[in-house]
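Thanks for coming, everyone. Today I would like to walk through one structure with you, starting with the place where two chains meet and then turning to one chain by itself.

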Amino acid sequence: MMRAKLLGGLLRGVAVAAVLCSGTVAQAQDVTITNARLVIGDGSAPIEGGTVVVRGGKVISAGAGNVAAQGTVVDAGGAWVTPGIVAGFSRIGLVEVDAVAGTNDRSAERSPFSAAIDIAPALNPLSSPVAVNRAHGVTRAVVAPAVGSGLFGGLGALVDLGADRSMVTRPRLFQYVEFGESGSQNAGGSRAATFLTFRALLAEARDYARNPAAYDGRSKDSLLLRADAEALARVIDGRERLFVRADRAADILSVLNLRSEFPRLTLTLVGATEGWTVAREIAAAGVPVVTSALTDLPGSFDQLASSQSNVGRLRAAGVDVAVGVFDDDDAHKIGYTTQYAGNLVALTRLPGAAGLSWDQAFAAISSVPARAAGVEDLVGSLRPGRVGDVVIWSGDPLELSSVPTAVWIDGIKQPLSTRQDRLRDRYAVPQESALPKAYQH
Amino acid sequence: MTSTSQALSGGPARRQRASATAVAAVAALSLSACAGSTANKPASASTAASRPAAVNKDPYPSTYKPYGAAPTLVRGVTIFDGEGGRIDNGVVYLSEGVVKAVAPDEAGLNVPADAVVIDGAGKWVTPGVIDIHSHLGDYPSPGVQAHSDGNEATDPTTPEVWAEHSVWPQDPGFSRALANGGVTALQVLPGSANLMGGRSVTLKNVYARTMQGMKFPGAPYGLKMACGENPKRVYGSKGRMPSTRMGNLAVNRQTWADAAAYKRRLDAGEKVERNLANETLSGVLAGDILIHNHCYRADEMAIVLDMAKEFGYKVSTFHHAVEAYKIADLLKDNGTCAAMWADWWGFKMEAYDAVKENVPLVERAGACAIVHSDDANQIQRLNQEASKALAAGRRMGIAITDESAWRWLSYNPAKALGIADRTGSLKPGKMADVVLWNANPFSVYARPEKVWVDGALLYDALDAKRRPVSDFELGQPGEGDVK
């Protein structure tokens with residue numbers, strides 16, 4: 001059982017006694033990992049011979065020197081030890097097989113609702129992508145709905161990738177909206193309509209907030225159902241963060257300008273493919289960015305200036321920039337985050353390009369995505385008080401050949417075997433032996 | 001259109017693969033946009049009766065010409081020769097567009113005094129990467145509908161179409177594949193919505209005004225075929241055959257039977273109306289055109305191998321081959337390659353049983369393993385994809401050297417494309433299609449520093465003037481950026 005001394009409220013209400021697929025029982029354990037090449041995840045340099053202590057599912061201390069060990073002591077033998085990877089944007093847990101509609105809960109094209117759609121009950125911690133990406137060292141992810149019929153996609157969450165029956169760390173963490181090409185389609189066909197629709201919907205939500213009882217979400221004139229109005233009211237007053245997808249430089253500037261009308265919006269820019277061309281403005285606005293690290297093609301006219309140097313240039317301008325996983329990779333391959341971060345380091349050796357130092361790159365997949373989602377006090381680093389998500393690696397975590405050798409989530413040691421591993425083992429020798437393959441298990 | 005199809009990482013080829021995924025609706029849209037010409041079967045396009053000898057088999061010939069190549073010596077460099085060989089601290093000498101020597105030292109090399117000499121200390125030289133599965137040019141960036149030219153999916157079989165007739169040589173993707181991926185040649189394939197998508201074309205990754213200017217001289221044609229979910233979904237959803245896997249096979253077999261009859265008449269010297277579809281299929285049956293078969297599941301690949309025997313052709317390569325590891329022995333016995341991703345999975349049912357060890361398991365069985373992209377993004381880091389597969393193999397105890405793994409990226413795809421006598425490895429006399437990497441290319445921290453095609457320096461990370469900029473990007477934001 002998870003210890004009662006867990007600080008209440010912050011941690012997911014996980015049913016920790018749940019029996020796992022493997023038949024083991026999840027146990028929060030106090031653990032002290034010593035002799036580590038210790039990465040805190042906040043952008044600081046690795047600490048040789050570091051120690052991290054997790055007690056009651058939380059990090060108690062992490063740093064150099066001798067500290068009083070708690071619980072099980074694990075000698076890392078000089079291996080890299082880091083906080084779990086945080087995917088800054090994903091759809092993990094919403095999809096088992098993309099093309100099998102019944103297992104794909106990214107979006108609801110035929111729902112009458114939009115902003116009120118809360119993805120939390122759709123998340124499936126037992127979906128196989130959760131296990132596969134856990135084995136990559138991803139322990140937390142920001143999960144956003146995709147936009148269905150309306151302008152707003154709904155409410156995203158922070159999740160964990162633990163082997164248990166609940167993956168919601170923080171439900172209703174942010175509202176998701178798309179501007180640019182897709183936003184204009186959802187608003188009727190032009191960007192002008194997108195911004196008008198956005199303003200009109202928020203104005204209506206403000207009406208709702210002033211007097212919910214008087215709000216008539218059912219009349220023909222109303223733009224918002226009551227549930228959607230309630231959800232947007234929390235965005236207007238900044239209680240809920242707004243993740244805004246925008247790629248074209250002009251769209252980004254228009255989005256930043258929304259705060260002149262709605263000053264309490266708490267914005268996070270998503271995508272921001274041309275962000276580097278307006279990096280100073282983004283930095284001045286103090287808006288964090290979550291982007292795909294290696295976008296470098298003009299996939300659309302919104303992305304003409306795309307460059308792998310986007311992250312490095314934004315960072316150099318003072319923007320808090322995190323790495324997320326988008327498009328076809330967002331549900332199954334969020335483990336790409338480490339590869340992306342490694343590529344950002346590679347760019348520092350390329351004349352004319354901008355990348356990140358190793359320490360910055362690791363932060364871009366741990367503490368910075370946590371900050372961009374407003375949960376930096378909870379996850380993303382090994383600073384005291386954060387969740388006990390710790391990974392021991394076989395080598396440099398950003399290198400292609402490295403894998404986790406041990407993973408803890410909330411202080412619970414995780415199984416790392418996947419369905420893929422079982423298939424591999426069954427067919428390590430492809431031919432049948434005494435009995436068909438179906439008997440090899 | 002869902003937001004997932006609003007490609008952040010953008011590539012249109014991505015969307016093509018997605019046509020097999022959740023974004024089926026988008027693909028269906030794009031397909032319906034070209035519907036309407038379904039009644040026009042190839043025979044109606046024929047104009048002149050002719051005998052086989054009179055048919056020009058190369059009516060759109062390559063006009064590719066190598067660019068100027070200074071004699072170039074790279075010394076003190078680590079070399080993967082592409083066929084499994086390695087030399088540490090060695091020399092590579094390129095001259096007259098070809099590899100002149102790969103050797104431990106310069107002894108015996110007649111290097112002229114004005115040769116370009118590069119210190120390769122701490123760097124790696126490999127053959128250029130060859131991507132056997134690309135849609136660059138046919139699904140170019142930007143991925144707008146007006147550019148969606150990769151799949152004439154208006155009929156379940158369209159062997160009469162040629163991918164080269166859709167190639168837009170200004171696709172910015174070519175430059176990224178060169179500069180970030182060290183890709184020197186690629187096969188552009190039609191899409192996989194239909195059973196027979198049409199002929200492929202192999203290109204040199206060198207910008208030209210015309211498709212012909214990029215065309216790899218003398219490379220054989222391929223025919224793209226597709227198994228499984230895509231054809232049965234695309235046509236089944238229109239209420240026509242095929243709507244099942246058995247329907248897939250039936251349409252294929254009848255098409256082959258008809259083609260065989262056509263070829264018999266040709267071979268007998270009979271006068272026959274030109275039929276572009278059957279000309280392609282006859283070319284396959286004659287062994288001139290290579291089969292590149294999109295196929296994921298092990299059981300389907302086994303059926304296709306038997307179908308090939310039934311009609312007397314050979315499958316050069318299964319593409320995607322997510323379950324190749326289940327029948328690696330069968331692939332070896334049939335001499336058929338598998339072109340694979342390192343870790344793509346789960347986007348549709350036939351990609352559900354992926355394992356990260358697919359490539360090394362095929363290698364260990366002695367079959368021909370290839371790492372491919374099918375994607376405008378991953379074509380930029382096939383070395384990294386191979387590296388992930390290599391590491392997964394090593395973790396399960398499969399001992400494969402770095403230099404041997406490089407075969408997955410150059411020599412094996414060259415063999416499968418029928419161009420291994422000219423490129424794909426650093427053997428004297430072969431095309432000087434070469435990459436100088438600034439670190440071990442299996443490291444995430446490595447990037448191409450220089451790329452030569454036929455000995456011409458066409459990318460240099462140290463020289464902004466040696467960075468191609470397509471017409472489309474000229475005068476646009478970010479023009480000439482390192483990208």
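Across the interface of chain A and chain B, the rule finds three salt bridges, and please keep in mind throughout that this is a predicted model. In one of these salt bridges, B:Asp481 pairs with A:Arg313, and the closest N and O atoms there are 2.7 Å apart.

Which helices of chain A each supply at least two residues to the side that touches chain B? They are α1 (128-134), α2 (180-186), α8 (336-346) and α11 (419-426), and of these α8(A) gives the most, with six residues. Sorted by class, that side of chain A has 30 nonpolar, 24 polar and 21 charged residues.

Now to the extent of the interface, where 75 residues of chain A are in contact with 72 residues of chain B. The size of an interface is often given as the accessible area lost when the parts come together. Between chain A and chain B, that buried area is about 6,200 Å², with carbon and sulfur atoms giving 53%. On the chain A side, A:Leu297, A:Asp328 and A:Leu400 lose the most area to chain B, and together they make up 11% of what that side buries.

Finally, let us take chain B, whose secondary structure comes to 12 helices and 18 strands. Of its 483 residues, 65% count as buried, and among the contacts in chain B with a separation of 6 or more, 69% are between residues 24 or more positions apart.

Notes: Residues numbered from 1 in each chain as written. Chains lettered and ligands numbered in written order. Predicted model: local features only at pLDDT ≥ 70, side-chain atom pairs only at ≥ 80, totals over all residues. Heavy atoms only, no water. Helix = DSSP H or I, 4+ residues; strand = E, 2+ residues; numbered from the N terminus. Buried < 20%, exposed > 50% of the residue type's maximum accessible area, 1.4 Å probe, protein only. Contact = heavy atoms within 4.5 Å. Buried area = accessible area lost by both parts, 1.4 Å probe. Salt bridge = Lys/Arg side-chain N within 4 Å of Asp/Glu carboxyl O. Nonpolar A, V, L, I, M, F, W, Y, C, P; charged D, E, K, R; others polar.
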